[in-house]
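Subject: Structure to look through, with notes

Hello,

Please find the structure below, together with some notes to read beside it.

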Amino acid sequence: MLSNKKRQIGYLIFLFCFAGYIYLRVDYETEHYIFQPKSYVPPICTSTTSFGFVKVHKCGSDSLAALFMRLAEERNSSIVLPVGDWNIGWPYMPQKDRHYLSSLLPDGKFEIATLHMMYFRNIWKDMLKPDAKFIGVIRSPFSQYKSFFNYFNIGGQLHEIYNISIEDSLDIFLRNPYAYWNEKNKRIWKNPMLFDFNYQNIQSIDAFIKQLSESISLMLIADYMDESLVMLRRTFCWTLKDILMMTKNKSRRYKFSTSQEQKDEERRESLYKMWSSYDYILFEHFNNTLWEKISREVGFYEELAIYREYSDRVTEFCSVKHLKDESLILPETKFNSEVLINIDFCVRFKRAVIPYIRYLKQKYFQVKAAAHFYR
């Protein structure tokens, strides 16, 4: 009798444990997408075809601008092109015919803006289609500033005016920035990312970021470019092919810093954080926002792995010479249909932003191609 009760109790314990295992396994497998279809099912959403990209200096924005220009060419979209060689009136208010070429669409609107142009929200809205969405890009502030400092030759300017060593110029500047800066003609030297978003010091930083959050559909984070692009694909209902980007060489060689060098770098960043504290507030807000959005996505990291693999494969394929009819086929997954990469795509894929500007200006404004924009 006792042995029967033991068997019954053991059986009940087994059933309880087995039921718990099944519950946890189903939950785990659902979370890890085992019940997701393995073949591609087109999403039920509308692709964003009109958008403006706020191109912030030294945030990987050249690569993004070239990607968006590729989309413009492939989709036959009207795009804002400069009268000159490079930007759209930056750092001033953009003016048609003076800073950018007129649209050839009947309504005079553009579908895509992707070059350096100050973010005057009302001007952008008037320039683009009514349903246009907006994207921005930022980067961890001190990394951005070091690149920005070199790009704008601030060390050279300090050397010329104050006879400061170019090699030590960043250190010297950060120790006492107000000795070398004035708001009238060097405003961009402080909080330079906010400058490109047209932040005015008279406005509360919290109010400005709230306003920016309401107008920007997605802020890309250059430090997490792959994650940002996959999130952009999902937000704008694009294809995986739309966001393919040339991958940089992943070297296995690392540069090791001494403890003193690390301390010096931490000291510089501490000084910079006091100098450009608002750029840190901007970055923290939108970096947190990106990861909050990603945390709500299903299958995100699986798609991210596929995107990285495909970007590497396309980069490798497009980096060598091929016969005209050679192509690369990326297989279908549950996140994308089969992708065909041919030589024509490689030409667009590798074209940098300045050559792309020249190419599109030649194609649309110096060749008989005005009808190209009329649909």
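Helix α9 is mostly covered, since 10 of its 12 residues are buried, where buried means under 20% relative accessible area, exposed means over 50% and partly exposed lies in between, with a 1.4 Å probe and protein chains only. Helices (H or I, at least four residues) and strands (E, at least two) are DSSP runs, numbered from the N terminus.

Before going further, please keep in mind that this is a predicted model, in which local features need pLDDT of at least 70 and side-chain atom pairs count only at pLDDT 80 or more, while totals for chains, interfaces and linings use all residues. Residues are numbered from 1 along each chain as its sequence is written, and side-chain values use heavy atoms, with hydrogens and water left out.

To return to α9, its buried residues are M225, E227, S228, L229, V230, M231, L232, R233, R234 and F236. What covers them includes the strands β1, β3 and β4 and the helices α2 (61–75), α11 (277–295) and α12 (300–318). The length of α9 can be checked too: at 1.5 Å a residue its 12 residues should span 16 Å, and its end C-alpha atoms are 16 Å apart, which agrees; the expected span is 1.5 Å times one less than the number of residues. Just after this helix, C237 takes a positive phi of about 55°.

Which strands does α9 lie across? Helix α9 (residues 225–236) lies across β1 (51–54), β3 and β4, and runs at about 160° to β4; here axes are lines fitted to C-alpha atoms, for helices over the stretch in contact, and angles run from 0 to 180 degrees between N-to-C directions.

These strands belong to an open sheet of four strands in the order β2-β1-β3-β4, with parallel pairing, where two strands pair if DSSP finds at least two bridges between them. Its edge strands are β2 (112–113) and β4 (218–221), each of which pairs on one side only. Strand β3 (residues 133–138) is joined to β4 by four bridges, and β1 and β3 also pair in the parallel sense over four bridges. I135 has a bridge partner in β4, namely L218, and I135 is itself the bridge partner in β3 of F53. I138 is partnered in β4 by I221. Strand β3 is mostly covered, with five of its six residues buried.

Elsewhere, I205 has its place in helix α8 (residues 205–215) and is buried, with a relative accessible area of 7%. Leaving aside neighbours within four places in sequence, I205 is in contact (heavy atoms within 4.5 Å) with L194, Y199, Y278 and I281. I205 and I281 are 76 residues apart in sequence, yet 8.2 Å apart in space, C-alpha to C-alpha.

Finally, the axes of helix α10 (residues 259–275) and α11 come within 5 Å and cross at roughly 95°. That makes α10 roughly perpendicular to α11, a label used for 65 to 115 degrees, whereas angles under 35 count as roughly parallel, over 145 as roughly antiparallel and the rest as oblique. In this contact, E269, Y272, K273, M274 and W275 of α10 meet S277, D279 and Y280 of α11.

Best wishes
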